[in-house]
Amino acid sequence: MFGRVSMCGAGAAEEMEQLSREGSHYSITSGILPSLGARSNRRVQLRRFTISPYDRRYRAWETFLIVLVAYTAWVSPFEFGFLEEPEAPLPILDNVVNGFFAIDIILTFFVAYLDRTTYLLIDDRGLIAWKYASSWLAFDVVSTIPSELARRISPQALRTYGLFNMLRLWRLRRVSALFARLEKDRNFNYFWVRCAKLICVTLFAVHCAGCFYYLLAARYHNHKKTWIGASMGDFLRESLWIRYVTSMYWSITTLTTVGYGDLHAENTREMIFDIVYMLFNLGLTAYLIGNMTNLVVHGTSRTRKFRDTIQAASSFAQRNQLPLRLQDQMLSHLCLKFRTDSEGLEQQETLDSLPKAIRSSISHFLFYSLVDKVYLFRGVSNDLLFQLVSEMKAEYFPPKEDVILQNEAPTDFYILVSGAVDLLVFKNGGEQASAMHSSDQILPHCFSLDYTIYFNK
């Protein structure tokens, strides 16, 4: 096995680099688990005119559709609540957006899908068409029908402009899938992705509530006995911008505060809507606060744990009346460990979570050139050195820390990579420096070094 692994520096490294280039355009969520005995789907050649769902161009198309979904999420409630007749340029933009989603419907019949049973990509056209037709096709087609056509074929009571447009909110499922993918993508910060998701959810809830609440006032028989008419009089004569801003003001104050000021319910319909909206706000607020609390606690947990560790170490040293020199060594070591963890220098936990072959390859890359320069290993075969470096570990020491005590039974030996150490001996009741070691030297008994690599016995 070591003979095979030792090739990582030559042929195997080239093979791994080639595989990395082939799969570099796949995100962390695009990994496909093949069935037992099957080959990886990344190597399977799909049929002609079949699109891989992980293709870069298809991913770019999906991202473009997300922008159109954001437009739909704003304009559909707005048209439903504020417009009785089409007003340019919104109808034109709506039909253009519908055209892009109609293209996506056709394109979906050529996109391979992942079989949840075998975890294989299915590129058979018949199976792709049947899966799409039996799942989301009807909803996608209905949400793409132009509003003008929908008004003509709808019953007289349902010919309100914007009512049919609310079906387009079905497209929001794409946004949920996007955030689920971004949360697992290592190229994006998880904290900011979650914050963006929470902000989008809040803005969408505020926008929809404001539009729906305005609709109740606009369709009420007595306009002066409504929440907006009581403070604005004949509000229908006001500009569309003033009415929209007033509705958003009511919605955001209801979401973020308790009680009402100048805008409040005036009739039974509005009271019922307020009750439902405030009950919804209870759940939304709990969801937002819970998520933000988890994000903040996760970001500060390491610092809090470090402070607790330092406090426990100080209490232990004081309770047992340890010498100041040992107390300084304890605290220096804990501070260095926290700093290396923060800077990503603590690599042993990462290496321990990897398979042995990968650990050996990493150790070969990190340590082989260092060990090869040490005089003790001159003339040693490459195979032996490779077996040695696979057992090496990196360790950091703060200044003035004891590494090996005099007359201590040897269990490890160290190779000094950077910094310097002093060899101290006790003579006449005091410490005296008898030698100094610098980089690339084997340390027998040493003190006060910055960074070493050591072998387990």
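I began with secondary structure and counted 16 helices and eight strands in the protein chain, taking helices (H or I, at least four residues) and strands (E, at least two) as DSSP runs numbered from the N terminus. I note that this is a predicted model, in which local features need pLDDT of at least 70 and side-chain atom pairs count only at pLDDT 80 or more, while totals for chains, interfaces and linings use all residues. Residues are numbered from 1 along each chain as its sequence is written, and side-chain values use heavy atoms, with hydrogens and water left out.

**Whole chain.** I looked up burial and found that 35% of the 457 residues count as buried, where buried means under 20% relative accessible area, exposed over 50%, and partly exposed in between (1.4 Å probe, protein chains only). The accessible surface comes to about 27,600 Å², of which 61% belongs to carbon and sulfur atoms; these areas come from the Shrake-Rupley method with a 1.4 Å probe, and for residues only the protein chains shown count as cover. For contacts (heavy atoms within 4.5 Å), I took those between residues at least 6 apart in sequence, and 69% of them join residues at least 24 apart.

**G81.** I then turned to G81, which is placed in helix α3 (residues 56–82) and counts as buried because its relative accessibility is 4%. Neighbours within four places in sequence aside, G81 is in contact with C211, Y214 and L215. I also checked A217, 136 residues away along the chain from G81, and found the two C-alpha atoms separated by 9.8 Å.

**Helix α15.** For α15 (residues 356–373) I compared lengths: its 18 residues at 1.5 Å a residue should span 26 Å, and the end C-alpha atoms are 25 Å apart, which agrees; the expected span is 1.5 Å times one less than the number of residues.

**Salt bridges.** I searched the whole structure and found ten salt bridges, each defined as a side-chain nitrogen of Lys or Arg within 4 Å of a carboxyl oxygen of Asp or Glu. In one of them the side chains of R47 and D123 meet at 3.8 Å, N to O. R47 lies in the loop between α2 (11–22) and α3 and D123 in the loop between β2 (121–122) and α5 (125–133), so this pair ties together parts that are 76 residues apart in sequence. D124 forms a salt bridge with R47 as well, the closest N and O atoms being 3.2 Å apart. D124 lies in the loop between β2 and α5, so its pairing with R47 ties together parts 77 residues apart in sequence. I noted R47 as partly exposed at 46% relative accessible area, D123 as buried at 15% and D124 as partly exposed at 25%.

Another entry concerns D94 and R168, whose side chains meet in a salt bridge (3.8 Å, N to O). This pair links distant parts of the chain, with D94 in helix α4 and R168 in the loop between α7 (147–153) and α8 (173–184), 74 residues apart. D94 counts as buried at 3% relative accessibility, and R168 counts as buried at 3%.
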